[in-house]
Structure formats: C-alpha cells, structure tokens
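Please read this briefing with the sequence and the 3D view side by side. The points are grouped by topic and can be checked one at a time.

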Amino acid sequence: MSEIELKSEYYKTLEENLEKYCIPIEAIAKAKESIQGPEEALFELLVFLIT
Amino acid sequence: MIVLNELTQAIGDLDEEKVMEMLAEFVYSKPTENEAQEVVNACQQGMGIVGDLFEKGEYFVGDLIFAGQLLTEAINTLKPVIGGKSASKVGTIVLGTVHGDLHDIGKNIFRSMAEAAGFVVHDLGTDQPVSNFVEKVKEVNPDIVGMSGVLTLAIESMKDTIDGLKKAGLRDGVRIIIGGNPVTKEACEYVGADAFTSNAAAGVKICQGWVR
Amino acid sequence: MDHANKVMIEQSQQRNQNFIDIYEGRMPKKIPIAINIDGAAALEYAGKNLILDQYSADEMIEAMDYTNGLFDTDLVVGFSSRLPSYYKILGARNYVMGGDGFMQHPNINGIEPEDYDELINDPVKVCWEKVIPKFYSELAKPAPYNMIALLKMYVSMKNVMAKIGPAAAHIAAKYGKVTQKFYSKRTRAPFDLLADTFRSFTGISIDIRKYPQKVLEACEALLPLVLKMGIPAEKPSKTIRVGIALHMPTFMREKDFAKFWWPTYKRMVEYITEAGFGVYMFCEDDWMRYLDYLKELPAGCEMQFEYGEPKIIKQKLGDKHIIEGLFPISLLRTGSIQEVERKTKELIDILAPGGNYIFNLDKGILRASDAKVENLQTLLKCIREYGVY
C-alpha cells in the first residue's frame, strides 16, 4: 500500500540516504545498520518527543 | 433590530456565523448601553441552553469548549457598546486548579463563562498550593472560591485548601464550589465545599444564585 | 537449576500461554491479567522519594523489584518511560513535574490553525520545525544549544534503558511473570494525534467547527505517520499488539465523531490487522454510545473499557473482540476486601464465559494511593483462584 508510506523532507529511505551521502548502491545491505539504523532511531525519538 | 431570543437560540445552537452576523449588525446600529446589556444577557441565556444540552447528553465537553470561545468572541464584539462604566460586576471569584494537578481546560471554560456573566475572576492558574488560595482570598475578599481538579488526588488537595481557608478564618466569608472529573456529592461533603459541578454552565448558574 | 528457578520458569510459561491462547483465539487455562502499575506508584509503594528518585535508574529498579514482589501481576509492572531527566534537559513544556513529583502532561498545542496546510503537506517536517521548538525550549535555541540538548537527552534515555531492560527481564524471571513481549509499539488515532500533538484538546474542539475541511485533510495526512508509529518491526503475529489510547471520542457529539474521528481510525485498525498484528485499544471514559462502531472493527481487537455496562459490552462485542477493563479502581482505593472479592467475581461471571476476556482495571494505577496494598493483593489472588476455565 504505497499511499500509506510515510513521505517527508525529514525522513529518508535507505536508498535515499545512500544517494544523499554518496554511498555506492552496492553497499545497500551492508549499510542498513549504520546508515538506516540511525534514521529509524531518530524517527522513534521524534515520536517519543511529540507524544 | 436584533431579536433577542433568536440570538439566545443561535448561541445555544453554537451557530457562530449567525451569532457574529447578528452582533456585528447590532453594534453597527449604535445601540444604547442598556440595549447592549440586554444583548449580553441574551448571550448568557444562550449559555444556559448550552449547559442544559450538556446535562442532557446532547452536547459534550468539546462543545462546551467551543461555546466558551464563542461567548468570549461575542463579548469582545460587544465591548465597544457595553460602555465605559461597564456591566456592573455581579461578584468576585477566586479560581484555581488545586495543588498537584496541572489540568486547566474545565477551569478555563468556567472562567470565560463566569466573566461573560459579569463576574470578576481572579484565576490563580494550575497546581496552586493552599497558601496561594489563602493569600488571594485575603487580598481580594471574593464572594466565591472555585477549585478545579481532574486527578483523583485533587480531592485531597481540595480538602487541604478548604482546611487552609478555615485555619485562616476565611471559610465563613466565602462560598466554595468545586469542579472536575472526580467531584461528586460525597467528595463535596468530604472536602467541605458548598457546591459541586462537572458542568461549567451549571456552575456559573450556582454562583449567580449565590450573589443575587 | 534449583527448584525455585524451575517453578518460576514454568509459571512464566503458563502465564505466557494464557495470553497466547487468547490472542490466537483459543480458550486459555486461566484468565490472563493485564493490570499495570505506573513507575510513580512503584516508587511510592517502595517508600521512595518521588521528587528525587526518578533521576536514578537504580532506585527505580529497586522500586520495580519491590512492587513486582508485592503484587502477583502477570506483567512486569512499575516503570514509566516519561522521566524528568529527559524533560528537564529539554526544557519541556509538555511534560512537567508537579509539586509532588508526579510527571504531568499540560495541554499545549504544537501548531496554530494557519499551519494546517503545511501540516497536511508534510507532518513530519512540521513536527521538527514547529512542534519540537514549541514543546521544548532548549530545542528552540540555535545551534549548538539545541543539538547539545537533544544529544544529552538521548544519552540520558540510553543510560537509563540500558539498565532497565536487563532488570525487567531479571524481575520477570525472578517472580515468574510473563516473559514474552506481547505489547509492542504504541500509536494514536489520526484525529487524536492531531488533537494531542498539534492542536490541543481545546484547539481541535474549535477547529472541527471553524475549519472542518482542514481537519479532515489533516487526518488523512496523518494516517501514514500513525501507521509507521505503530507497525512493529517483529514478524507479524496476533500475539503482538499495537497499543492505541483513544482520547477524543467521548468528548464529542456522535455526528462529529462519525465524520471526523472514526473513518481514519477504522482504516488504521484494518491496516494493522491486515499486516498480521493485533490491536490493543484503551477505550477511555464511557464508550457505550459507540459500541456499534467498535463492532465494525476486524475481529480480535483487544479493547479495555473504563466505564460501561459489562453485560451489554459482552453481549455486543464479546464474540468478536477481546474484552477487558471495567473493574473500578476506586474500589481498590476505598473498598473493603470483601467488596473487592465480590466485584471481581461479579465481573468474571459476566465477562469470562466463552473466553475472549483479559482481566484489567478500568484504568492504570498511577499512584500508590490509587490502590491499597491488601486490596490489590486480594484482587490478584481472587482472579487466580476464581478465573479458571
């Protein structure tokens, strides 16, 4: 259900982050924890702060 | 020519557009201060309808909030024609949420309705210690003290506050009304208040009865 | 492995199984108990200082251990995640310590009506740019003050949770409590998020009359956000419950509820259920006038009721959904042991037949004064003895 996906200037998917930080797309599986982990953790923190 | 009972009904219906239209026309017609006071009274009667519908379970707290806002807007629109000597103040209330409790929605609804009814309201704010109530009562010598609270611990705080007023020799000089979720007849007796309500409009009616 | 250990491990497994059976649609051996106790209450039961001890993970852990020993609940109880250290570091306006040490949640709005279009366009952006600075004075300051404050708060949370996590697991094992994680993430109905975070209770009550179209569009725009907030990372299972506290409906007229609140909430529950998870909703206050709506939700929702008629709730919803709640906490505060036992059995007699029932109070125990020790102990003992299928 793609219309349900969260879109924001302040939230990036792993692919978007790889592009943003100029990391080769081949690193996608390896970068999940170190690059996307913080994105998700920051989202969780935001939710904690706004609720 | 404003039709007073139409205005009352429009307030009761929470029909903001109609109310503001009627009042704008009325103000434009350069009314006398007495005529303006009649209109204020009509608005207050409208609030009585709101309170009744809340009691009946047709309006809910969200509607009371809107009603409070509508009333404030109405009174603001009428201010230029109510006059310098302003509506005679019918009485004074010291109001606050008791210590340990930070909730203020109900208190604020009550305050705007009481002010619209002509009371001077000294709103202490939330989480008010006993001493603040006592000092304010000493300072302004009100007719009424209103205490609000939502948490169950508010009942004990209300009792503390009333005991504090007794100790300071101030209890007999005021009427006390308590409001909020946990207030019941038993709570009212336990804390030593004169009246209780969970309906702001009904609370204002009680206060009006006391100062007549 | 010593005998005491084995006994507790087996007890944990049995208690886990009662919940698993309910969530997977079977009759359990005994009624599961979802009673929870807040961290503040735990500190008070343990004789600790509410104003000082919330700053210490060690003190809070001691209080948790004591409280879990004092009360034979199924769940590990006694921890609150909203701690004063975080909120002091951030200069919070939305979570404030009351005069007696209890953390309270004042009514504050994140945005004004003129911000609706921006909200509808990108809610997360509005959170970072408008809501965060409004709620937290330190985060409204320019760099580097704001980044320092945010990082300090995050580290404070990490430091506390690094101790609490293992301690909670240890306590679960020690007292034979539930060791499986049933309650995962928490989220809100879109309208409630709009109210609680963005416009406040007061604001939204006015907005539905002044800006109804904006409210509707905002609820739509918040649906992806509340879903991401709620969908757990774990593999889908009906034993994993997404927690939703329902806030505004009982303060609204039905026609406003039906127009503004219900549609996006229903879609949210349907989505979470289709994704393979379960929903746990706290129907705060009195939901009797909305029971027919609740009936429309996908089967197997866990619904905790605060006030209402147990017989009618069971009759209308008990086949389709998991019912819990309705036991008046006031009885634990001021009732006698006999009254507590009588009420417990009365509720079990009405709500337990046929299963689909979890025992809970009408609301959470927030302070020690909410529940006398002997009353709560009696309650728990009574459920264990009487609540057998």
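Glu38(B) counts as partly exposed because its relative accessibility is 45%, which falls between the limits of under 20% for buried and over 50% for exposed. The residue belongs to helix H3 of chain B, which covers residues 33-56. Between Glu38(B) and Ile82(B) there are 44 residues of separation along the chain, and their C-alpha atoms are 9.9 Å apart. The model described here is predicted.

**Chain A as a whole**

- Chain A has two helices and zero strands.
- Along the principal axes, the C-alpha atoms of chain A fill a box of roughly 35 × 25 × 15 Å.
- Chain A has 51 residues, and 37% of them count as buried.
- Among the side chains of chain A, 5 are positive and 11 are negative. The centres of these two sets lie 3 Å apart.

**Salt bridges**

- Side chains of opposite charge can pair when their charged atoms come close.
- Over all chains, the structure holds 46 salt bridges.
- One of them joins Lys125(C) to Glu9(A), with 2.8 Å between the closest N and O atoms. This pair crosses between chains: Lys125(C) is in helix H6 (residues 123-135) of chain C, and Glu9(A) is in the segment before helix H1 (14-20) of chain A.
- Lys125(C) is partly exposed, at 24% relative accessibility. Glu9(A) is also partly exposed, with a relative accessible area of 48%.
- A salt bridge within chain B links the side chains of Asp163(B) and Lys166(B), at 3.9 Å from N to O. Both residues lie in helix H7 (residues 153-167) of chain B, and they are three residues apart, about one turn of the helix.
- Asp163(B) counts as partly exposed because its relative accessibility is 27%. Lys166(B) is partly exposed as well, with a relative accessible area of 47%.
- In chain C, the side chains of Glu138(C) and Lys141(C) form a salt bridge, at 2.8 Å from N to O.
- Glu138(C) has a relative accessible area of 21%, so it is partly exposed. Lys141(C) is partly exposed at 35% relative accessibility.
- A network of salt bridges links Asp63(B), Arg209(C), Arg253(C) and Asp256(C).

**A negative patch on chain B**

- Which residues form a negative surface patch? They are Asp13(B), Asp15(B), Glu17(B), Glu21(B) and Glu25(B).
- Glu25(B) is in helix H2 of chain B, which covers residues 16-28.
- Is Glu25(B) buried or exposed? Glu25(B) counts as exposed because its relative accessibility is 57%.

**Strands of chain C**

- Strand E4 of chain C covers residues 241-246 and is mostly covered, since five of its six residues are buried.
- E4(C) pairs with strand E3 (residues 183-187) of chain C in the parallel sense, over three bridges. In this pairing, Arg186(C) stands opposite Gly243(C) in E4(C).
- E4(C) also pairs in the parallel sense with strand E5 (residues 278-286) of chain C, over six bridges. Here Val242(C) stands opposite Val279(C) in E5(C).

**Backbone details**

- Most residues other than glycine have a negative phi, and most peptide bonds are trans.
- Where is there a cis peptide bond? A cis peptide bond joins Ala143(C) and Pro144(C), with omega at about 5 degrees.
- Pro144(C) sits in the loop between helix H7 (137-140) and helix H8 (145-175) of chain C.
- Asp127(B) is not a glycine, yet its phi is positive, at about 50 degrees. Asp127(B) is found in the loop between strand E2 (119-123) and helix H6 (130-140) of chain B.
- Asn141(B) is not a glycine either, and its phi is positive at about 50 degrees. Asn141(B) lies in the loop between H6 and strand E3 (144-148) of chain B.
- Asn141(B) has a relative accessible area of 62%, so it is exposed.

Key. Residues are numbered from 1 along each chain as its sequence is written. Chains are lettered from A and ligands numbered from 1 in the order in which they are written. This is a predicted model: local features need pLDDT of at least 70, side-chain atom pairs count only at pLDDT 80 or more; totals for chains, interfaces and linings use all residues. Side-chain values use heavy atoms; hydrogens and water are left out. Patches are made of residues with over 30% relative accessible area and no salt bridge: like charges are joined within 9 Å, nonpolar side chains (Val, Leu, Ile, Met, Phe, Trp, Tyr) within 5 Å. Accessible areas come from the Shrake-Rupley method with a 1.4 Å probe; for residues, only the protein chains shown count as cover. A salt bridge is a side-chain nitrogen of Lys or Arg within 4 Å of a carboxyl oxygen of Asp or Glu. Lys and Arg count as positive and Asp and Glu as negative; His and the chain ends are not counted. The place of a charge is taken as NZ of Lys, CZ of Arg, CG of Asp or CD of Glu. Helices (H or I, at least four residues) and strands (E, at least two) are DSSP runs, numbered from the N terminus. Buried means under 20% relative accessible area, exposed over 50%, partly exposed in between (1.4 Å probe, protein chains only). Two strands pair if DSSP finds at least two bridges between them.
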